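Here's a quick briefing to keep beside the structure while you look around. Open the viewer and follow along, topic by topic.

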Amino acid sequence: MKTTEKVVILDFGGQYTQLIARRVRELKVYCEIMHYNIPYEELRASAPDALIFSGGSASVYAPGAPRCDPRFYDLQVPILGICYGMQLMAVDLGGVVREGLRQEYGKTNLFVQGKNELLAGVDQEFTAWMSHGDQVITVPPGFTVIAGSGNTTVAAMADPKRKFFGLQFHPEVIHTPQGKLILSNFLERICTFSGKWTMENFVDSSTAEIKGMLGPHKRVVCGLSGGVDSAVAAALVHRAVGDRLVCIFVDHGFLRKGEKDAVLATFARGFNMNIIAVDAGEEFLTRLRGVTDPEVKRKIIGNHFIRVFEREAEKLGEISYLVQGTLYPDVIESGTATAAVIKSHHNVGGLPEDMRLGLIEPLKYLFKDEVRQVGLELGLPEEIVWRHPFPGPGLGVRVLGEVTPEKVAILQEADAIIIEEIKAAGLYREIWQVFAVLPDIRSVGVKGDRRTYAHTIVLRAVTSQDGMTADWYPLPYDLLGRISSRLVNEIPQVNRFVYDLTSKPPATIEWE
Ligand code: XMP
């Protein structure tokens, strides 16, 4: 018997595709996003129990508009088409789509027509988010219109016999207040899913899968950084194979204050994991001496990190796999993004090309908040599960200009004070990232009647969904005041404090 009910969301280039996936998973149904032109055999082999066609910006009749293999309609599974997805379905199945007389964008009032399972329980008149130019003017044979608006005769259509449905509006966005009900009707009433996909199930099925991959003897290595992704991935693999997982924790000397001790306390002592901690601070500092260019600094840290990791891994004897904490947004991004390189990011524990290890990426289909739930499920402390993202090169890219041990020490102190105050104010979880930066400047001040010529600390606090874009966070003045006075009083080398009020873009989150 199949244990997991699965929805495949075909991505036709819509801006809300990830959001559809989020909503489906919130309803406790497992789903994956696939490119619209996935070959028929591949889609069939992945055994979806239902399909959702996403929105997209093209016009169905435009040359080169995204189309899928028409055999997808023969898979005998329910299909929900959203916006472009509905228009495509209409055209593929014999209906007619035309450029709308008026384009509809934003909130629109719709009216339910007749009775149907998809809109069961939805108010007779309801608000939905529209964003379309084209519209269906004739539904395909077998379909009936189930909702309309002032401008759109066919705002929703249904063929209950084949279980094919189309929505011209977006049920996945919050501006469609009853959208969740509509999606849940699709999953529960139409697909008759039981909605049992939880993180607890995920932990069980994924440990079983990892056990299967590694058999009774194979060993696996993981680069632990103390960040939530690698921590959860390691804890999951540890649950599956115990001591056959060896974690390598490279301390490059640019970690946050107390970070190394916290990681070792949690994993080595708390979880009894096999961890090799490498103190490589000196090696990194030596290589960075006199280097001020941010990209060069990043490359030096990244390359040397891999070298240290490899050196340690080689001492371990026969190893077959490497664990990576890749998340679903990274997978989706790397499949589609052609963005220019703004900064050369490297993930701690990144796969050295010539290591010839198999990859285990147990979080590959999870979103960040799901990873956190898995972490809690596995018994990881909240301190680690809720930790803010931290760049691979660490404080090396937050000490601007040349990195010296003195500057790193000042930054560690400043960062610790800031984090402590933010946590005390109960704001830590609300903020995506908050941290200190040490710019490469000194300025004149006066402390105890004496002239000082000392460092400035910058505070960066941002909200973000995924780190791709970000907004500066409006911290309360009294909190900023407390942080300011603690920084200049407790750190002798600091005499000035400033607050970064730029969003991304045009700035980036990190300063280098
Ligand atoms: P930027 O500075 O590009 O950062 O706006 C976006 C997000 O990525 C994090 N970041 C990194 N993460 N290795 C990482 O694993 C890196 O080299 C790296 N550089 C930046 C940054 O903290 C933010 O969350």
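Predicted model: local features only at pLDDT ≥ 70, side-chain atom pairs only at ≥ 80, totals over all residues.

Two packed helices are described by the angle between their axes and the distance between the axes.

**Helix pair α13 and α14**

- Helix α13 covers residues 405–424 and helix α14 covers residues 477–490; their axes come within 10 Å and cross at roughly 150°.
- That angle makes α13 roughly antiparallel to α14, since anything over 145 degrees gets that label.
- As for handedness, α13 and α14 make a right-handed crossing.
- On the α13 side, the residues that meet α14 are Ala414, Ile417, Ile418, Glu420, Glu421 and Ile422.
- Their partners in α14 are Leu479, Arg482, Ile483, Arg486, Leu487 and Glu490.
- Sorted by class, this α13–α14 contact has seven nonpolar and five charged residues, with no polar ones.

**Helix pair α5 and α6**

- Helix α5 (residues 199–214) packs on helix α6 (residues 228–241) at an angle of about 65°, and the axes are 8 Å apart.
- The crossing of α5 and α6 is right-handed.
- From α5, the contact uses Phe202, Val203, Ser206, Thr207, Ile210, Lys211 and Leu214.
- From α6, the contact uses Leu236, Val237, Arg239, Ala240 and Val241.
- By class, the contact of α5 with α6 comes to eight nonpolar, two polar and two charged residues.

**A buried helix: α3**

- Helix α3 spans residues 84–92, and eight of its nine residues are buried, so α3 is largely enclosed by the rest of the structure.
- If you want to pick them out, the buried residues of α3 are Tyr84, Gly85, Met86, Gln87, Leu88, Met89, Ala90 and Val91.
- After α3 comes Gly94, which has a positive phi, near 105°.

**Positive phi without glycine**

- Ala47 isn't a glycine, yet its phi is positive, about 50°.
- You'll find Ala47 in the loop between α2 (40–45) and β3 (50–53), and its relative accessible area of 33% makes Ala47 partly exposed.
- Lys163 isn't a glycine either, and its phi is positive at about 65°.
- Lys163 sits in the loop between β8 (156–159) and β9 (164–167), and with 33% relative accessibility Lys163 is partly exposed.

- Lys504 and Pro505 are joined by a cis peptide bond, with omega about -15°.
- The bond from Pro505 to Pro506 is also cis, and its omega is near 10°.
- Look for Pro505 in the segment after β19 (494–499); Pro506 is found in the segment after β19 too.

- Thr4 belongs to the segment before β1 (6–11).
- At 33% relative accessibility, Thr4 is partly exposed, falling between the buried limit of 20% and the exposed limit of 50%.
- Thr4 and Trp197 are 193 residues apart along the chain, but their C-alpha atoms are separated by 7.2 Å.
- Setting aside neighbours within four places in sequence, Thr4 is in contact with Tyr30, Asp49 and Trp197.

Terms used
Residues numbered from 1 in each chain as written. Heavy atoms only, no water. Axes fitted to C-alpha atoms, helices over the stretch in contact; angles between N-to-C directions. Helix = DSSP H or I, 4+ residues; strand = E, 2+ residues; numbered from the N terminus. Parallel < 35°, antiparallel > 145°, perpendicular 65-115°, else oblique. Left-handed = near helix turned anticlockwise from the far one by under 90°. Contact = heavy atoms within 4.5 Å. Nonpolar A, V, L, I, M, F, W, Y, C, P; charged D, E, K, R; others polar. Buried < 20%, exposed > 50% of the residue type's maximum accessible area, 1.4 Å probe, protein only.
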